[in-house]
Amino acid sequence: MTHSFDALILGGGAAGLMCAIEAGKRGRRVAVLEHADRLGKKILISGGGRCNFTNLHCRPENFLSSNPHFAKSALARYTPQDFIALVEKHNIPYHEKTLGQLFCDRSARDILGMLEAECEHAGVSIFLNTNIQNVEQATEFIARAPNAEFKAPALVVATGGLSIPKIGATSFGYNLARQFGLAIREPWPGLVPLILSEEDCDRYRDLAGISADVIASCHGQQFREKMLITHRGLSGPAILQISSYWQPSQPIQLDLAPSAEVTAAFRDPRTPRNLNTLRTELRKFLPQRFADRWLEAHAPTSWTNPALADFEKQMHAWAITPTETEGYEKAEVTAGGVDTNELSAKTMEARKVPGLFFIGEVVDVTGHLGGFNFQWAWASGAAAGRAL
Ligand SMILES: Cc1cc2nc3c(=O)[nH]c(=O)nc-3n(C[C@H](O)[C@H](O)[C@H](O)COP(=O)(O)OP(=O)(O)OC[C@H]3O[C@@H](n4cnc5c(N)ncnc54)[C@H](O)[C@@H]3O)c2cc1C
């Protein structure tokens, strides 16, 4: 059976639904083709079930891309305020948790319900359990699922990245881009916990669950947030953020006492220079068990001023080399993706293939932790939806 539309949207996640709403509102006959048995599964698990749906302080600097300017146009034309207006129109209660991050008070189901209601209102056709297996371009695009065929002059690829394969992530979008001759920036897992070497793991494993305020940095990027010790290595917001920039075999630097001077007390000549005093000082900045364990491995070589200065330096730039990340099973996003040079920044349409669009996570634009990935999904979805 063949269904004909003005536009086909592959993938009923955040970006695909926003695109469908914008195009539907403009009178286009659009179909969302989703291989799962329901829409927006990732929205439902996002933000610990409360969906961090945007960030009040969204700026182009909050995104990684091989072209840092690419996202600017779409982000400027669909802002956090635009999405907040939609949330408020649907009377969804929300709050700012921290650093401009907006979360639902009740549940991520509110956001998905809102998008579904908007789709219905805009006359969008939704096809679930529709696993698109191949796409072909004749006079129109033809997308084929096992039991049905869909035709339209425009095709929007919103199939997301490789993160969390168990809820339906596939490499479909990248394969399709390659099929049409578009370049891909090799994907890698982002916002993902890091695994430490056997030796480091043995040293810190029993501290799993302990967290500390740190500055994590590498490749000129730095994030001051919480770091969490896990059974396999390190996690927590600071580590997730820096993981998107980390390259295998490179160290990351951790400042374990941001903007503090741990050895300041030793300037007083009456302060006894020994491990007990240093341990007491360190416990003022780090959780006790972590402070003690870290000191066991990094005690000053002597109690001279230069040795204490070296110790202080190490505290602020502890270099640790992860062996790997926890991979796509645990990554919140996939960095890399369809090369932005291939797409119009205004409409997300492929320059070489008129009528073919890529939006959301499948594109080489990746947000920091904190609601930025959804803001990119909404903004890129709206950009394409307005061009269909
Ligand atoms: C655990 C977790 C928590 C997160 N929390 C947040 C958060 O709080 N805030 C935030 O900003 N970001 C968060 N993210 C990231 C955010 O969810 C994604 O960046 C965003 O969902 C990307 O939207 P998308 O529409 O591009 O892709 P997706 O939401 O992944 O949607 C893609 C859709 O395409 C479908 N699909 C795939 N292949 C096919 C095919 N061949 N045929 C048909 N359909 C197909 C998939 O089933 C899916 O429904 C989180 C991610 C995870 C994994």
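Visitor: What covers the buried residues of helix 11?

Guide: This is a predicted model, and in it the buried residues of helix 11 are Ala-307, Leu-308, Phe-311, Glu-312 and Met-315. Because they cover an arc of only 145 degrees around the axis, they sit on the same side of helix 11. The elements covering these buried residues include strand 18 (252-255), helix 9 (275-282) and helix 10 (288-298).

Visitor: Which exposed residues are carried by the face of helix 11 turned away from its buried side?

Guide: Helix 11 runs over residues 305-316 and reaches 17 Å from its first C-alpha to its last, close to the 16 Å expected at 1.5 Å a residue. On the face turned away from the buried side, the exposed residues are Pro-306, Asp-310 and Lys-313.

Visitor: How far is a polar backbone atom of Asn-52 from a nitrogen atom of the ligand?

Guide: The ligand has 31 residues around it, of which Ala-15, Glu-34, Thr-170, Glu-361 and Phe-374 come nearest. For the nitrogen atom of the ligand and the polar backbone atom of Asn-52, the distance is 2.9 Å.

Visitor: What percentage of the area that the ligand exposes when taken alone does the protein bury?

Guide: The reference here is the ligand taken alone, which exposes 1000 Å². Of that area, the share buried by the protein is 93%.

Visitor: Which element gives the largest share of the shell around the ligand?

Guide: The elements that contribute two or more residues to this shell are helix 1 (14-25), helix 2 (41-45) and helix 12 (372-385). The largest share amounts to 3 residues, and the element that supplies it is helix 12.

Visitor: Which backbone oxygen does the side chain of Ser-65 reach?

Guide: Ser-65 lies in the loop between strand 5 (63-64) and helix 3 (72-77). Leaving aside residues up to four places away in sequence, Ser-65 touches Thr-340, Asp-364 and Val-365. At 2.8 Å, the side chain of Ser-65 reaches the backbone oxygen of Asp-364.

Visitor: Among contacts in the protein chain with a separation of 6 or more, what percentage is between residues 24 or more positions apart?

Guide: The protein chain holds 12 helices and 23 strands, and buried residues make up 55% of its 388 residues. Among the contacts with a separation of 6 or more, those between residues 24 or more positions apart account for 71%.

Terms used:
Residues are numbered from 1 along each chain as its sequence is written. This is a predicted model: local features need pLDDT of at least 70, side-chain atom pairs count only at pLDDT 80 or more; totals for chains, interfaces and linings use all residues. Side-chain values use heavy atoms; hydrogens and water are left out. Helices (H or I, at least four residues) and strands (E, at least two) are DSSP runs, numbered from the N terminus. The expected span of a helix is 1.5 Å times one less than its number of residues. Buried means under 20% relative accessible area, exposed over 50%, partly exposed in between (1.4 Å probe, protein chains only). The arc is that of the directions from the helix axis to the C-beta atoms. Contact means heavy atoms within 4.5 Å. A residue is near a molecule or strand if one of its heavy atoms lies within 4 Å of it. A polar contact is a pair of N or O atoms within 3.5 Å; within protein, one must be able to donate a hydrogen and the other to accept it, and residues adjacent in sequence count only if both atoms are side-chain atoms. Accessible areas come from the Shrake-Rupley method with a 1.4 Å probe; for residues, only the protein chains shown count as cover.
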